[in-house]
Amino acid sequence: MEVAMLSTLFRSSTIPVLERVVNFTEARHGVLAGNIANLDTPGYRTRDLSPTLFQERLKEAIEVRHRPALPAYPTYDEPMAGSAGRGGDRELEVFRKVDDSMKSILYHDDSDVSLERQVNEIVKNQQQHNLAITIMASQFRLLRAAITERVA
Amino acid sequence: MFSSLDVSTSGLVAQRARLNAISSNIANMSTTRNERGEPEPYRPRYVTFQTDTDLTTPGGGAGVEIGSVRYSNEPPRMKYEPGHPDADERGYVHYPAVDMTTEFVDALEATRAYEANIGVIEVTKNLSEQTLRIVA
């Protein structure tokens with residue numbers, strides 16, 4: 001009962017969306033860190049998770065959630081896929097697609113990792129993460145203010 | 001916001017490529033043979049930059065990319081060394097036309113330009129951190 005109340009409380013805010021953003025930026029950070037770790041690995045090709053694709057799918061998921069025709073909100077544990085049909089195909093694409101900005105010179109050892117570009121992507125990813133976390137923190141502050149009936 | 005970071009990064013990449021060319025020139029300042037082992041002095045390489053039109057910012061800024069790598073056409077430095085295996089029939093060895101002063105000044109300039117781009121990145125990061133303070 002209490003759990004159900006809490007989840008409705010969270011769902012009415014943007015916290016679930018921000019949570020997805022944080023999950024994504026954390027996963028992408030891991031991938032980018034792997035690129036830097038393989039800076040001197042011969043034959044290594046950079047990997048990336050596409051932020052544009054993520055944003056598109058997040059947008060679709062939000063639209064689905066806000067559609068009034070739906071009988072109920074999708075449950076918290078459900079994957080936030082736009083439509084079930086093509087979701088599977090898209091899933092595969094996510095890992096393959098590397099941002100155009102990341103494509104760089106192919107070195108003689110057949111690797112294409114550019115330190116500057118990787119660090120740049122990490123910084124951008126970190127900023128997105130910080131933005132989501134900051135907004136999430138202020139959402140929680142609002143909730144606490146409502147619960148305690150005083151401004152923290 | 002993010003595109004200005006990309007522009008600064010393109011500057012970093014370009015300046016690093018220039019530094020690579022300079023270190024190659026200095027490393028090969030006494031190279032008298034080509035990669036096939038034939039006597040032919042190394043020709044210094046110079047990287048030229050051009051505006052990257054694929055990378056633009058809303059404010060009208062643009063990134064930089066490597067335009068071409070030019071090979072110097074300057075005549076080789078002739079040094080009289082008759083015993084040298086790569087000496088010509090008159091006893092002169094053809095050394096690459098690498099000018100140390102030019103190379104070092106170029107290296108210094110590339111380093112400063114790299115630092116300047118890092119400085120701009122710091123400012124951009126600072127800017128977005130300040131923006132977050134509105135929310136926090």
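Accessible areas come from the Shrake-Rupley method with a 1.4 Å probe, and for residues only the protein chains shown count as cover. The model is predicted: local features need pLDDT of at least 70, side-chain atom pairs count only at pLDDT 80 or more, and totals for chains, interfaces and linings use all residues. Residues are numbered from 1 along each chain as its sequence is written, chains are lettered from A and ligands numbered from 1 in the order in which they are written, and side-chain values use heavy atoms, with hydrogens and water left out.

**Exercise 1. Describe chain A as a whole.**

Task: State the accessible surface of chain A, its secondary structure and its share of buried residues.

Solution. 
- Step 1. Chain A has an accessible surface of about 9600 Å², and carbon and sulfur atoms account for 60% of that surface.
- Step 2. Helices (H or I, at least four residues) and strands (E, at least two) are DSSP runs, numbered from the N terminus. Chain A has five helices and zero strands, in the order α-α-α-α-α from the N terminus on.
- Step 3. A residue is buried under 20% relative accessible area, exposed over 50%, and partly exposed in between (1.4 Å probe, protein chains only). Of the 152 residues in chain A, 35% are buried.
- Step 4. Contact means heavy atoms within 4.5 Å. Taking the contacts in chain A between residues at least 6 apart in sequence, 75% join residues at least 24 apart.

**Exercise 2. Describe the interface of chain A and chain B.**

Task: How many residues of each chain are in contact, and what is the area buried between the chains?

Solution. 
- Step 1. On the side of chain A, 16 residues are in contact with 14 residues of chain B.
- Step 2. Buried area is the accessible area (1.4 Å probe) that two parts lose on being put together, summed over both. Between chain A and chain B this area is about 1400 Å², and 64% of it comes from carbon and sulfur atoms.
- Step 3. Glu116(A), Lys124(A) and Gln127(A) supply 41% of the area that chain A buries against chain B, more than any other three residues.
- Step 4. A polar contact is a pair of N or O atoms within 3.5 Å; within protein, one must be able to donate a hydrogen and the other to accept it, and residues adjacent in sequence count only if both atoms are side-chain atoms. Six residue pairs, both at pLDDT 80 or more, are in polar contact across the interface of chain A and chain B.

**Exercise 3. Follow the salt bridges of Lys124(A).**

Task: Which side chains meet Lys124(A) in a salt bridge, and where do these residues lie?

Solution. 
- Step 1. A salt bridge is a side-chain nitrogen of Lys or Arg within 4 Å of a carboxyl oxygen of Asp or Glu.
- Step 2. Lys124(A) forms a salt bridge with Asp6(B) at 2.8 Å, N to O. This pair crosses between chains, from helix H1 (residues 2-27) of chain B to helix H5 of chain A.
- Step 3. Lys124(A) also forms a salt bridge with Glu121(A), at 3.4 Å, N to O. Both residues lie in helix H5 (residues 115-148) of chain A, three residues apart, about one turn of the helix.
- Step 4. Lys124(A) counts as buried because its relative accessibility is 11%. Glu121(A) is buried because its relative accessible area is 4%.

**Exercise 4. Compare sequence and space for Thr57(B).**

Task: How many residues apart in sequence are Thr57(B) and Ser4(B), and how far apart in space?

Solution. 
- Step 1. Thr57(B) lies in the loop between strand E1 (45-56) and strand E2 (62-71) of chain B.
- Step 2. Thr57(B) and Ser4(B) are 53 residues apart in sequence and 6.4 Å apart in space, C-alpha to C-alpha.
- Step 3. Leaving out residues up to four places away in sequence, Thr57(B) touches Ser3(B), Ser4(B) and Val7(B).
- Step 4. Thr57(B) counts as buried because its relative accessibility is 19%.
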